[in-house]
Amino acid sequence: MLRLSDIKLPLNHGDEELRTAIASKLAITPEQIIDFRVFKRSYDARKKRDIQLIYLLDVELNSNLEAQLLEKFSGQNFLQTSPDTTYKFVAQAQPDFPAAEQQRPLIIGFGPCGILAALLLAQMGLKPIVLERGPDVRQRTKDTWGLWRDRKLNTESNVQYGEGGAGTFSDGKLYSQVKDKRFLSRKVLEEFVKAGAPEEILYVSKPHIGTFKLVKMVETMRAEIIRLGGEIRFNCKVETIHRAHNEDVSAAAPENEKQGQITGVTLSNGETLHSNHIILAIGHSARDSFQMLLDQGVYIEPKPFSIGFRIEHPQSVIDKARFGEFAGHPILGAADYKLVHHCDNGRSVYSFCMCPGGTVVASASEEGCVVTNGMSQYSRNERNANSAIVVGIEPEKDYPEHVLAGLDLQRTLEKKAYELGGENYNAPAQLVGDFLDNKPSTELGSVIPSYQPGITLADLTQALPEFAIDAIREAIPVFDRQIKGFAMNDAVLTGIETRTSSPICIRRDRNFASINTAGLYPAGEGAGYAGGILSAAIDGIKVAEAVALDIMSPQ
């Protein structure tokens, strides 16, 4: 099998044209092609009148012909032997696991990272126990709608907490910029397809699933973990971890070098579970858990994150700006964008979690706070496009006070947004034209905000620090030169976005364990090692492998 890249065809090409293009590229006849399949399909929309589809293909030919072509085109990047993308397990437990001297691994959190970690451990026969502070995804969906429809926030069951994690209420994007030489992303996508995701996620360049499909997938993957001997416990908040200190380490040693050993956890109901292998997949919003870990001596350090607003435009405006006369083409779907601007004040402003044909959603997890996020269904057919427009901030410059100062900053800004929205979980909002002109909005224009339970027109200059307001004001007109209509007067800014990523990093070593707590494996977004569904799931696989190898290695 040969891997063939850089095959370009017009957007409306026919099926046989792809076979002909392969034959032309390889200088063979179409009849010599036994079979081919699309490994990846993307598009080039830089020329709106001539949008091209770009293919990465696996082509099957006679073995002798394959060898001849590899020799003929040796040194040219467009042709190589198709790599083996099959996932290979690093270990396999005995059927009687756990034996008398063994313990089952624990996983704290059941978002994308925790789900893939649990699934992989279960597939290796290691029968993990998952502890999720929130409820199952069906109950969680009902509770989340309680905020959106009735302004009733459940602080343990919402967009942030519960089965599926924050990614369940999102656009369901399944692409990442992480280096993936082992094709772990393929393993993730194949498991998602087994659980009910559309097969196209295996080959389109920017796959997504959408919330409704994600809910069903999560349930299916949970059932498979249980079938393989795993255990999922909902409404089980970890109150504390147990960490035995190494008495041989000097008290004068740096905190990030003092070694302890994880021995178990105690839940909020008083139950204690013992394990020397715990995966920490708690997500980026588990603020109380971060404080608990710090109190128990786990080494944590602050890291950069971003703050800003959600911006909404008519999806038709974005489609036309990106695709021209091909706007609405079924292969292209709803258009997205990715924007960045480096400002005069030294800050960077960028788009984040862009949701074509989606909605802005209430994502608070604490009383008296307003937080926004974006969500789409698989169809992406809602009226508006939305994206976070955020400003990068750094610990040394913006929250140097202590390790968890980033959490304090998030909370302060979210409480201010709650006040500006009217203290009823409405979000403060402002028209883009008024924001740029530095005047309060008094009425909406043609763009109807999608945020539920509702918005309150306000002065968003009060919602963020001055440097962030200045940076966003500078960036929006620049973005308008790339996406015509981006700075339209009637576009709506909704505040605020603070949960772009975790404000902390739980440092780990080359074996994926905490640098000062043996047996504790920080993973995913909450620990600072991922930024989306796919990267979190990949990290879950890597950490599960590390746990399996440690459990199965001779003691």
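1. Let's start with helix α7 and what covers it. The cover over the buried residues of α7 includes β8 (238–245), β11 (278–280), α10 (405–420) and β22 (504–505). Those buried residues are Arg287, Ser289, Phe290, Met292 and Leu293, in a helix that runs over residues 287–295. Buried here means under 20% relative accessible area, with exposed over 50% and partly exposed in between (1.4 Å probe, protein chains only). Helices (H or I, at least four residues) and strands (E, at least two) are DSSP runs, numbered from the N terminus. After α7 comes Gly297, whose phi is positive, near 95 degrees.

2. A word on the basis of all this. This is a predicted model, where local features need pLDDT of at least 70 and side-chain atom pairs count only at pLDDT 80 or more, while totals for chains, interfaces and linings use all residues. Residues are numbered from 1 along each chain as its sequence is written, and side-chain values use heavy atoms, with hydrogens and water left out.

3. Just after α1, Ala27 has a positive phi of about 60 degrees.

4. Have a look at the packing of α3 (residues 112–123) on α13 (residues 533–552). The two helices pack at an angle of about 40 degrees, and their axes are 7 Å apart. Axes are lines fitted to C-alpha atoms, for helices over the stretch in contact, and angles run from 0 to 180 degrees between N-to-C directions. From α3, Pro112, Cys113, Leu116, Ala117, Leu120 and Leu121 take part, and their partners in α13 include Ile533, Ala536, Ala537, Gly540 and Ile541. By class, this contact has 13 nonpolar, one polar and two charged residues. Ala, Val, Leu, Ile, Met, Phe, Trp, Tyr, Cys and Pro count as nonpolar, Asp, Glu, Lys and Arg as charged, and the others, Gly among them, as polar.

5. On a 1 Å grid over the protein atoms alone, a cavity is a set of points where a 1.4 Å probe fits but cannot get out, and a pocket is an open set with protein on both sides within 12 Å along at least five of seven lines; lining residues have an atom within 4 Å of a point. Grid points are joined across faces, edges and corners, and a volume is the space filled by probe spheres set on the points. The largest cavity has a volume of about 100 Å³, and Pro112, Leu116 and Ile533 are among its lining residues. Helix α6 gives the most to that lining, with four residues. The lining has nine nonpolar, three polar and no charged residues.

6. The second largest cavity holds about 30 Å³. Its lining is Ile108, Val238, Leu280, Ile282, Ser289 and Met292. Ser289 and Met292 are also among the buried residues of α7.

7. The second largest pocket has about 490 Å³ of space. Of its 22 lining residues, Glu200, His208, Ile331, Leu332 and Gly333 lie nearest the centre. Strand β2 (residues 35–44) gives the most to the lining, with three residues. By class, the lining has 11 nonpolar, six polar and five charged residues.

8. Asp171 sits in the loop between α4 (137–150) and α5 (184–194), and counts as buried because its relative accessibility is 1%. Ser376 lies in the loop between β17 (372–375) and β18 (384–393), and it counts as buried at 2%. Leaving out residues up to four places away in sequence, Asp171 touches Ser376, Cys355 and His208, among others. Asp171 and Cys355 are 184 residues apart in sequence but 5.8 Å apart in space, C-alpha to C-alpha.

9. Finally, some backbone spots to check on screen. The peptide bond from Gln452 to Pro453 is cis, with omega near 20 degrees, and the one from Gly495 to Ile496 is cis too, with omega near -10 degrees. Ile496 is in strand β21 (residues 492–497). Glu423, though not a glycine, has a positive phi of about 60 degrees.

Methods:
Contact means heavy atoms within 4.5 Å.
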